[in-house]
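Please look over the sequence and the structure shown here. A short report comes after them.

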Amino acid sequence: MKKVFKIAIIMALTFITIQVEKDFKNRDFFNVSKVQINDVSKSLQEDLERIKIDLLNKNVNDLNLKELEKKISQDARVKKVEISKQKLNEITIDVTEKESSYYVQYKNKIYSMDSDGTIFGMLEEYPRKSMPILLIKSEDEKLKLLEIIQKLKELDLKEEISQIHMDNKNLIYIVLRDGTRVKTQTEVSKNRYEIVMNLYKELIKTKNIEYIDARFKDILIKEKEGKDAR
């Protein structure tokens, strides 16, 4: 009988403890009073403000912050997000945005794109930068142009590019910053681009070049005056 009485007392105390803890966690001072968001682009700020409004006055103990992190990280503009509790009723949302590495022109609109080829925003949503523009008509074209730009990037030649596009015959044009065009295709190797660009840098000292054709064994150079030279 004493053993049963002892168990009953323990159960009662456990219940009371749980209930007290539950009541304590549900008190108003655990309701979110402040959500701090780090500086982000205007378009992303607007979306995060809506999340902020939704969080305010909710009990911080009822929030699944890991699930909220997962939701925000699914945004194409977001590279990384960390959400943490500050004090008893404050939350900090720290977002790292993706950086623009290229511009993409598709159907008369220009977008920002990261180094992995993910398009995540419109041109006007981010500060203007000096970056190559990819003119594309399809996802397949985008991947082919990125493949070429990656070869040039590995040679530290990305900054030389103003624009890159493909014609209807799968001929690719790399337009340099002075307007010189380099005709190429996906099969052209990285080493060949190094030769072409070194040749270009020497030639522009004395010649006005219209284009350089990198596709063949003998590199073809055409001057704007109409003269050909090998």
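## Confidence

The model is predicted. Its chain has an average pLDDT of 84, and 85% of the residues reach at least 70. Over residues 15-24 the pLDDT stays under 50. For that stretch the model has 2 contacts beyond four places in sequence.

## The nonpolar cores

The largest nonpolar core holds 29 residues. The members that touch the most others are Leu134, Leu145, Ile148, Leu152, Ile164, Ile174 and Ile212. At least two residues of this core come from each of these elements: strand E4 (102-106), helix H4 (139-154), strand E8 (161-166), strand E9 (172-176), helix H5 (190-203) and strand E11 (209-213). Another core lies apart from this one; it has 20 residues, including Val35, Ile37, Leu63 and Val81.

## The cavity

How many cavities of 30 Å³ or more does a search of the whole structure find? The search finds 1. The space in the largest cavity is about 30 Å³.

Leu152, Ile174, Val182, Tyr193, Val196 and Met197 line the largest cavity. H5 gives the largest share of this lining, with 3 residues. By type, the lining has 6 nonpolar residues, no polar ones and no charged ones. Leu152 and Ile174 are named both in this lining and among the core members that touch the most others.

## Gln36 in strand E1

Gln36 belongs to strand E1 (residues 34-37). Is Gln36 buried, exposed or partly exposed? Its relative accessibility is 41%, so Gln36 counts as partly exposed.

Gln36 and Glu90 are 54 residues apart along the chain, and their C-alpha atoms are separated by 7.8 Å. Not counting residues up to four places away in sequence, Gln36 touches Ile91, Thr92 and Ile93.

## Two asparagines with positive phi

Most residues other than glycine have a negative phi. Asn57 is not a glycine, yet it has a positive phi of about 75°. Asn57 sits in the loop between helix H2 (42-55) and helix H3 (65-73). Asn57 has a relative accessible area of 63%, so it is exposed.

Asn108 also has a positive phi, of about 65°, although it is not a glycine. The loop between E4 and strand E5 (109-113) contains Asn108. Asn108 is exposed because its relative accessible area is 74%.

How values were computed: Residues numbered from 1 in each chain as written. Predicted model: local features only at pLDDT ≥ 70, side-chain atom pairs only at ≥ 80, totals over all residues. Heavy atoms only, no water. pLDDT = per-residue confidence, 0-100. Contact = heavy atoms within 4.5 Å. Core = buried A, V, L, I, M, F, W, Y, C linked by side-chain atoms within 4.5 Å. Buried < 20%, exposed > 50% of the residue type's maximum accessible area, 1.4 Å probe, protein only. Helix = DSSP H or I, 4+ residues; strand = E, 2+ residues; numbered from the N terminus. 1 Å grid on protein atoms, 1.4 Å probe; cavity = no way out; pocket = protein on both sides within 12 Å on 5 of 7 lines; lining within 4 Å. Points joined across faces, edges and corners; volume = space filled by probe spheres on them. Nonpolar A, V, L, I, M, F, W, Y, C, P; charged D, E, K, R; others polar.
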